Amino acid sequence: MSGTPATSATLQPAKMKKDESFLGKLGGTLVRKKKSKEVSDLHEEGKNAINAPMLLSGTDIHPEDTLLEENAERLMLDPTSRENLKFKDLLKVLIDWINSELEEERIIVKDLEEDCYDGQVLQKLFEKLSGRKLNVAEVTQSEIGQKQKLQTVLEAVNDLLRPHGWTIEWSVDSIHSKNLVAIVYLLVALAMHFQAPIRLPEHVSVQVVVVKKREGILQTALVTKELTSTTEMMMGRFERDAFDTLLDHAPDKLNVVKTSLITFVNKHLNKLNLEVTELESQFADGVYLILLMGLLEDYFVPLYNFFLTPESFEQKVHNVAFAFELMQDGGLKKPKARPEDVVNLNLKSTLRVLYNLFTNYKNTE
């Protein structure tokens with residue numbers, strides 16, 4: 001429309017012609033230099049495109065990744081893994097755990113990348129879990145201050161974990177650059193070492209894009225990283241006992257042991273008109289364990305102390321943990337199994353708990 005005021009876009013062609021006319025008056029020297037540089041850049045770009053491996057589909061290489069030193073590398077989570085349901089579940093479990101631990105600090109974590117990179121949350125979490133106060137500044141706004149705090153926190157974490165055989169899959173730079181895989185590795189290691197009362201999803205793996213710089217050229221590769229394994233391995237129970245041997249080398253004798261344990265528990269539960277036929281499933285909510293302890297020690301357990309019809313995972317864990325407390329009150333050693341293991345229908349864990357009761361109360365009428 002003739003009445004429409006000129007915009008920057010409509011003025012651009014006229015400006016270009018003016019520039020070209022001005023450059024032309026200089027004998028075309030600047031034009032030739034400009035075109036020569038463009039040709040050189042295009043040639044270099046073409047050479048890199050031929051020599052460097054193709055970037056993986058859907059992977060964005062951020063500007064900072066091109067600033068790598070020679071032979072340095074950077075790890076990034078592949079976008080497809082970020083949408084993996086088991087990985088999302090793992091993130092949620094870790095976030096809920098941190099928020100539960102730091103509730104008294106009034107710290108609420110919503111995003112692991114954004115909330116853990118500066119060291120503040122990791123400091124508070126480590127102090128809560130270890131009972132050890134770290135000598136660091138409470139609030140650090142500068143990048144240098146944040147990295148100094150991270151250095152102190154990670155040194156304390158590494159000194160604690162390394163003697164126990166942990167592989168250190170994180171660093172100050174990876175955490176501060178918001179590398180989600182490194183952050184998750186660290187949190188999973190802390191959860192496992194301190195035997196957090198949570199259920200970590202098993203066998204969670206992600207694809208990681210490894211970006212390396214070789215002779216000035218970025219190279220990429222896709223690598224699989226295992227973040228969690230089985231519950232038993234994750235909780236650090238590597239010692240083997242009779243039940244490991246039984247299940248691995250003499251499974252035919254397993255039924256004999258189960259039959260003996262079923263006979264033992266039913267001898268007492270029958271007094272309440274209760275009967276067990278499946279050890280791993282019928283003890284998983286903790287109710288029968290609590291009632292069994294009351295019968296073995298000859299006392300009545302008030303119903304307000306536990307959930308008679310537990311519905312959630314947390315309620316079942318509460319019941320089993322309470323049963324473990326009753327066992328310790330009766331003079332038994334603390335069970336090797338975690339309450340979560342029993343709730344998760346881990347047969348070996350359930351057998352260990354029941355066998356411990358059997359050896360201590362087998363002569364009880």
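Strands E2 and E3 form a hairpin with 2 residues between them, and glutamate 215 in the turn has a positive phi of about 55 degrees. The structure is a predicted model, in which local features need pLDDT of at least 70 and side-chain atom pairs count only at pLDDT 80 or more, while totals for chains, interfaces and linings use all residues. Residues are numbered from 1 along each chain as its sequence is written, and side-chain values use heavy atoms, with hydrogens and water left out.

**The sheet**

Helices (H or I, at least four residues) and strands (E, at least two) are DSSP runs, numbered from the N terminus. Two strands are said to pair if DSSP finds at least two bridges between them. E2 pairs with E3 (residues 217-226) in the antiparallel sense over 10 bridges. Within this pairing, lysine 212 has glutamine 219 in E3 as its bridge partner. E1 and E2 are likewise joined in the antiparallel sense, over 5 bridges, and arginine 74 stands opposite valine 211 in E2.

Together, 3 strands form an open antiparallel sheet in the order E1-E2-E3. E1 (73-77) and E3 are the edge strands, each pairing on one side only. Neighbouring strands of this sheet are turned by 25 degrees against each other on average, direction ignored; the axes behind this angle are lines fitted to C-alpha atoms, for helices over the stretch in contact, and angles run from 0 to 180 degrees between N-to-C directions.

**The nonpolar cores**

A nonpolar core is a set of buried Ala, Val, Leu, Ile, Met, Phe, Trp, Tyr and Cys residues joined through side-chain atoms within 4.5 Å. Buried means under 20% relative accessible area, exposed over 50%, and partly exposed in between (1.4 Å probe, protein chains only). The largest core has 51 residues, of which Trp97, Leu112, Trp170 and Val184 touch the most other members. Elements that give two or more residues to this core include helix H4 (85-101), helix H7 (143-161) and strand E2 (205-214). Helix H9 provides the largest share, 13 residues.

Valine 184 touches Phe87, Leu90, Leu91, Leu94, Leu112 and Leu227, not counting residues up to four places away in sequence; contact here means heavy atoms within 4.5 Å.

**Salt bridges**

A salt bridge is a side-chain nitrogen of Lys or Arg within 4 Å of a carboxyl oxygen of Asp or Glu. By this rule the count comes to 12 salt bridges. Three of them are listed below.

| Pair | N to O distance |
|---|---|
| Glutamate 83 and lysine 88 | 3.0 Å |
| Glutamate 101 and lysine 128 | 3.2 Å |
| Lysine 178 and glutamate 114 | 2.9 Å |

Glutamate 101 lies in helix H4 and lysine 128 in helix H6, so this pair ties together parts that are 27 residues apart in sequence. Glutamate 101 is buried, at 18% relative accessible area, whereas lysine 128 is partly exposed, at 43%.

Lysine 178, in the loop between H8 and H9, and glutamate 114, in helix H5, link distant parts of the chain, 64 residues apart. Lysine 178 is partly exposed, with a relative accessible area of 29%, and glutamate 114 is also partly exposed, at 44%. Lysine 88, the partner of glutamate 83, counts as partly exposed at 40% relative accessibility.
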